[in-house]
Amino acid sequence: MHLLSASCVCALLITALLRQVSGLETVIGLYGETLEIPCNKGAINAKEVMMTKWKYDKGEGLSGDLLVRQLNQNVAIIATDDYKSRVSMAENSSLLLTEAKLTDQRTFTCMVVAGADIPEYPVNVVIYKTPTDLTITDKAVELEIGKRTKLGKCVAQDASPAANITWLKNNVPLVADGKGISIEASVQVDPVTGLSTTSSVLEYSAEKEDTDAEFACSTQHTLGAELMSSPVIFTITYSTENIVLQVIAQEPLEEGDNVTLKCVADGNPAPTSFNFHIKGEVVQVEDGDTYTITNVSRNTSGEYKCSLIDDPTLEASEKLTVKYLDINLSPSGNIVKSAGETFDLTLEIEASGESKVSWTKDNVKLDKEPKFTKVTYSDSGRYECEVKVGPLIRKASFELVVEGAPVIRQLSKQRGEDGRHKVLICEAEGSPKPSVSWSINGTSLDESPFVNGKITHRITVVPTANLTVSCTVSNDFGVDTRTINVSSYQADDSDQTKVVVGVVVGLLVATLVIGLAYFLYMKKSKQGSWKTGEKENGSSEEEKKLEEKVEENSQKAEV
């Protein structure tokens, strides 16, 4: 193996370019493949040529014959070296060269005999080969921040021309800067095949941001085919600079719950042992980064810390708050009061924050806290208070029952639509629900729902005589009775007749009184006119008014 520097490789490439610039026709072949070398760029008519001969440049001004074909004769191979088994001629006089090698990179000349002219057509041959493989070897176990370390060696094997290697980090090319990045390339040439193997060594000073970064190398061959190695991720080591204390618990953290404290450090490898500062005590945890507090209480609230065992100055703290909410409703449960009694209600709240209180009665929201100065039957019901502190909710309730002897608030009657029936209505109040009874039997019994200690009872009767009816209400605490007079429908008709007769008699009496008054007035008026000498016409209008009044009363009396 021959070791060539990168400058030698560049010199070879420059030589190839100079040959192309010189105007010499150049044919590029692929290593190991069959190469076709045209004669006069393929513009030869074999039927018009007397003889075609191929030869090659051996160097130092010497040439070697390969093969020849004369008019109307088969191709004759005249080569005596390695080319003897690898050359042939195409119908168009092109030279066919199998299993192309790097040693084939030379000038091949086609000589044509056509009449008096014997032209020659030299062709320069260049053989290319892409690298067999591109791999990263000698990889570093880990990279330490701030320390330039050999990351690895990228190898491109058996190429022609020698491969140029580029290092990449996250698909971005790396450029040597003489400080944190150093790239050294070298080329080895196989003495047998002439193929080149390029090696590129990368030394790299890692940063914390290089964690999980992907390093790779690539090469861009002259023929345009790009080859990329498999990416490699390196472990980046660095000392701890910061730590964080995490509180792992359900939200909200309530009394009786468990809470786990976790200390997280940014070092790599991460520390495995920590000090936990628990209520003034230091608890050392080996081969772990957590500490669990079970069955927390409100006294658990406070500031907690963790630190490195190797460096206690590196510490982190976190405040822990245990939420709590206690309520005491007094009295509670089932409460029985007599109507008119005073009822004192108290609600005590002990909480970790500001509380909000709401009340309901029989599942209906109340605008404010209930107050009971003198309880009434309408105060009966189930009361519930709900206290909230953030997400914490507590509830308490009591059932209030107001009891008392029943009282009839109103006893009334109504005439039925047919004029014969009477509807008796007894409205009572008391608790527990009073029973209602009547002193007579009736029909169409109707009882309203018992709400807020009130009940209304109705019966329909058809009295045949004037009656005094009583309504009686009773419960465990007492009895109340009230009466009402009810007349029969015959008595109602007789009463109506009496009323009509009385009206008529009254109108007749009124007519007689008015007539008498009119008589006395006229008599007195005449006497007055004799004395004063006034005309009788002066009182004629008054006489007419009196006469009209008498007539009107007479008509009413007839009615």
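Start with Lys 305. It is partly exposed, at a relative accessible area of 28%. Partly exposed is the class between buried (under 20% relative accessible area) and exposed (over 50%), with a 1.4 Å probe and protein chains only.

A word on the source before moving on. This is a predicted model, in which local features need pLDDT of at least 70 and side-chain atom pairs count only at pLDDT 80 or more, while totals for chains, interfaces and linings use all residues. Residues are numbered from 1 along each chain as its sequence is written, and side-chain values use heavy atoms, with hydrogens and water left out.

**Stop 1: the partner of Lys 305**

Lys 305 and Glu 315 form a salt bridge, with the closest N and O atoms 3.8 Å apart. The term means a side-chain nitrogen of Lys or Arg within 4 Å of a carboxyl oxygen of Asp or Glu. Lys 305 sits in strand S27 (residues 302–308) and Glu 315 in strand S28, so the pair ties together parts that are 10 residues apart in sequence. Strands here are DSSP runs of E, at least two residues; helices are runs of H or I, at least four; both are numbered from the N terminus. Glu 315 is partly exposed too, with a relative accessible area of 40%.

**Stop 2: the sheet around them**

Which strands form the open sheet with S27 and S28? The order is S25-S24-S27-S28, and the pairing is antiparallel. Strands S25 (281–285) and S28 (315–320) are the edges, each pairing on one side only. On average, neighbouring strands of this sheet are turned by 20° against each other, direction ignored. Two strands pair if DSSP finds at least two bridges between them. Now select S24 (residues 274–278): 5 bridges join S24 to S25. Within S25, Gln 284 stands opposite Asn 275.

**Stop 3: Lys 55 and Glu 120**

Select these two side chains. They form a salt bridge, the closest N and O atoms being 3.2 Å apart. Lys 55 is in strand S4 (residues 51–59) and Glu 120 in strand S10 (residues 120–128), so the pair ties together parts that are 65 residues apart in sequence. Glu 120 counts as partly exposed, at 41% relative accessibility.

**Stop 4: Lys 153 and Asp 138**

Here the salt bridge spans 3.9 Å, N to O. Lys 153 belongs to strand S13 (residues 149–159); Asp 138 is in the loop between strand S11 (134–137) and strand S12 (142–144), 15 residues apart from it. Both are partly exposed: Lys 153 has a relative accessible area of 24%, and Asp 138 has 45%.

How many salt bridges are there by this rule? The count comes to 22.

**Stop 5: a nonpolar patch**

Select Ile 28, Leu 30 and Leu 223. They make a nonpolar surface patch of about 260 Å². Such a patch takes nonpolar side chains (Val, Leu, Ile, Met, Phe, Trp, Tyr) joined within 5 Å, from residues with over 30% relative accessible area and no salt bridge. Leu 30 lies in strand S2 (residues 25–30), and at 44% relative accessibility Leu 30 counts as partly exposed.

**Last stop: the whole chain**

Zoom out. The chain has 3 helices and 41 strands. Of its 559 residues, 35% count as buried. The chain exposes about 32,900 Å², with carbon and sulfur atoms supplying 49% of it; accessible areas come from the Shrake-Rupley method with a 1.4 Å probe.

Terms used:
Patches are made of residues with over 30% relative accessible area and no salt bridge: like charges are joined within 9 Å, nonpolar side chains (Val, Leu, Ile, Met, Phe, Trp, Tyr) within 5 Å. Axes are lines fitted to C-alpha atoms, for helices over the stretch in contact, and angles run from 0 to 180 degrees between N-to-C directions.
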